[in-house]
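Subject: Structure handover

Hi,

Here is the structure I promised to pass on. My notes on it follow below.

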Amino acid sequence: MVPCYKKNGIVLVRGKGSKVWDIDGKEYLDLYPGWGVGVLGHSPDKVIQAIAEQAAVLIHVPNNYFHPLQALLAQKIIQTSFPGKCFFCNSGAEAIEGAIKLARLYGSEKGRFEIVSFENSFHGRTIAALTATGQPKYQKGFDPLLPGFRYAKFNDLESVREQINDKTCAVLIEPVQGEGGVYPATEEFLTALRHLCHKNDILLIFDEVQTGMGRTGDFFAFKNYGVIPDIMVLAKGLGGGVPIGAFVARADLADKMQPGTHASTFGGSPLVCAAALKVFDIIEKENMLVGVRRESLAMLERLEEMKKKCPSVKEIRGLGFLIGIEVAGDPLPLIQKCVEQGVLVNRAGENVIRLLPALNILRVEWEKGLAVLESVLRHA
Ligand SMILES: *Cc1c(COP(=O)(O)O)cnc(C)c1O
């Protein structure tokens with residue numbers, strides 16, 4: 001195996017909901033199933049059934065054929081987001097690449113090609129997504145990066161103004177910066193950014209790879225802000241565990257991509273569309289967004305109490321079930337202690353412990369997890 005992942009030593013073999021078991025049978029409470037992929041936790045029954053049934057009927061067809069599930073999924077995404085058209089692919093980075101290509105295609109008619117993204121952002125590891133990612137630590141060693149990218153300061157409209165010019169075709173932003181350390185955009189900033197882009201004929205692209213699919217208490221984070229992008233990028237939770245990415249674009253924009261301009265062999269197969277449709281279905285039927293909003297408030301309250309008792313906790317940030325606990329110093333030894341005590345949490349940025357629980361996690365589960373976290377933080 002290419003050693004590009006920092007392993008924590010555990011061999012996971014089985015999962016159900018917010019629980020996973022390692023090869024020795026030890027049970028863990030997973031407070032970030034699949035790095036945000038597991039919006040319904042591990043191996044949700046109804047998704048298993050949808051995948052199994054679809055696998056027996058038709059797994060994959062090339063995209064020069066229609067198939068009903070792809071259309072139904074596109075319709076579902078558009079009904080829950082904004083009017084437009086969908087393109088399906090396989091990962092977050094691939095969906096970002098597609099959005100960047102569409103922005104350039106749009107800009108090419110006017111000689112515009114530059115994209116403004118943000119310091120501390122994360123958009124994926126392929127070369128264009130990596131260039132858009134405003135964190136030198138991820139870019140080191142991969143020069144020359146793609147030309148035509150500029151970086152502004154998050155939540156700072158003046159800084160965006162300084163970076164845009166008559167070559168700018170798009171601004172790319174995460175409504176809540178995830179990997180960078182859980183920093184929500186302010187409503188004031190996103191609203192002003194929307195106006196600025198509109199006034200200058202610049203596309204506004206929201207990377208909702210991490211914030212989408214109910215994570216923030218609404219289907220998509222932009223709904224919390226009431227600011228509608230021109231293009232939205234999805235992946236992670238969309239398939240409830242199976243690899244699927246997508247971008248949604250305003251219809252007039254989407255139509256710039258005529259046959260031959262873009263493609264993805266695996267993109268939006270019947271198998272992954274069946275899974276994603278089931279994820280939407282479950283979130284809606286089980287009223288999970290209401291649950292996320294309620295539980296997230298309770299969790300944030302609990303964390304604020306914890307902060308008072310633990311001097312090593314500097315700040316609690318988040319929106320819905322995307323929560324960051326900023327600590328003094330390196331969180332990795334703390335995370336390792338949690339792992340030893342059977343609770344899986346994750347690092348974001350340099351000094352943030354990130355929680356990305358399943359939307360359907362039970363209060364007794366997360367309370368137990370936070371109790372372990374608190375005992376670890378108290379001794380820090
Ligand atoms: C994870 C992530 C990506 C990259 O997704 P991959 O599927 O790993 O390529 C892009 N943007 C954001 C905001 C992410 O959190």
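**Backbone geometry**

Asn 120 sits in the loop that links strand 5 (114-118) to helix 4 (127-132). Its phi is near 75°, a positive value in a residue that is not glycine. Most residues other than glycine have a negative phi, and most peptide bonds are trans. Keep in mind that this is a predicted model.

There is also a cis peptide bond. It runs from Asp 143 to Pro 144, with omega near -5°. Pro 144 belongs to the loop between helix 5 (136-139) and strand 6 (149-152).

**The ligand site**

Which residues surround the ligand? They are Ser 91, Gly 92, Ala 93, Phe 122, His 123, Gly 124, Glu 174, Asp 207, Val 209, Gln 210 and Lys 236.

- Ala 93: a polar backbone atom is 2.7 Å from an oxygen atom of the ligand.
- Asp 207: a polar side-chain atom is 2.7 Å from a nitrogen atom of the ligand.
- Lys 236: an N or O atom in the side chain is 2.6 Å from an oxygen atom of the ligand.

On its own, the ligand has 380 Å² of accessible area, and the protein covers 82% of that.

**Sheet 13-14-17-16**

This open sheet has 4 strands, in the order 13-14-17-16, with antiparallel pairing. Strand 13 (313-319) and strand 16 (346-348) are at the edges. Each has a single partner strand, so one side of each lacks a neighbour in the sheet. From one strand to the next, the twist averages 30°.

Strand 14 (residues 322-327) and strand 17 (residues 352-355) run antiparallel and are joined by 4 bridges. Ile 323 has Leu 355 in strand 17 as its bridge partner.

Two helices go with this sheet. Helix 13 (residues 363-378) packs on the sheet and touches strand 13, strand 14 and strand 17. The direction of helix 13 makes about 175° with that of strand 17. Helix 11 (residues 288-309) lies across strand 13, strand 14 and strand 17. Helix 11 runs at about 170° to strand 13.

**Sheet 1-2-3-15**

Here, 4 strands form an open sheet in the order 1-2-3-15, and the pairing is mixed. Strand 1 (12-16) and strand 15 (343-344) are the edge strands, each pairing on one side only.

Strand 1 and strand 2 pair in the antiparallel sense over 4 bridges. Lys 16 has Lys 19 in strand 2 as its bridge partner. The hairpin of strand 1 and strand 2 has 2 residues between the strands. In that hairpin, Gly 17 takes a positive phi near 60°.

Strand 2 (residues 19-22) also pairs with strand 3 (residues 27-30), in the antiparallel sense over 3 bridges. Val 20 has Tyr 28 in strand 3 as its bridge partner.

**Aromatic pairs**

How many aromatic pairs are there? The count comes to 9, with ring centres within 6.5 Å as the cut-off. One of them joins Phe 219 and Phe 280. Their ring centres are 5.2 Å apart and their planes are at 35°, so the pair is tilted. Phe 219 lies in the loop between strand 10 (203-207) and helix 8 (222-225), and Phe 280 in helix 10 (residues 270-285). The pair therefore ties together parts that are 61 residues apart in sequence.

Over to you.

Definitions and conventions:
Residues are numbered from 1 along each chain as its sequence is written. This is a predicted model: local features need pLDDT of at least 70, side-chain atom pairs count only at pLDDT 80 or more; totals for chains, interfaces and linings use all residues. Side-chain values use heavy atoms; hydrogens and water are left out. Two strands pair if DSSP finds at least two bridges between them. Axes are lines fitted to C-alpha atoms, for helices over the stretch in contact, and angles run from 0 to 180 degrees between N-to-C directions. Contact means heavy atoms within 4.5 Å. A residue is near a molecule or strand if one of its heavy atoms lies within 4 Å of it. A polar contact is a pair of N or O atoms within 3.5 Å; within protein, one must be able to donate a hydrogen and the other to accept it, and residues adjacent in sequence count only if both atoms are side-chain atoms. Accessible areas come from the Shrake-Rupley method with a 1.4 Å probe; for residues, only the protein chains shown count as cover. Rings of Phe, Tyr and Trp (its six-membered ring) pair if their centres lie within 6.5 Å; planes under 30 degrees apart count as stacked, over 60 as edge-to-face and the rest as tilted.
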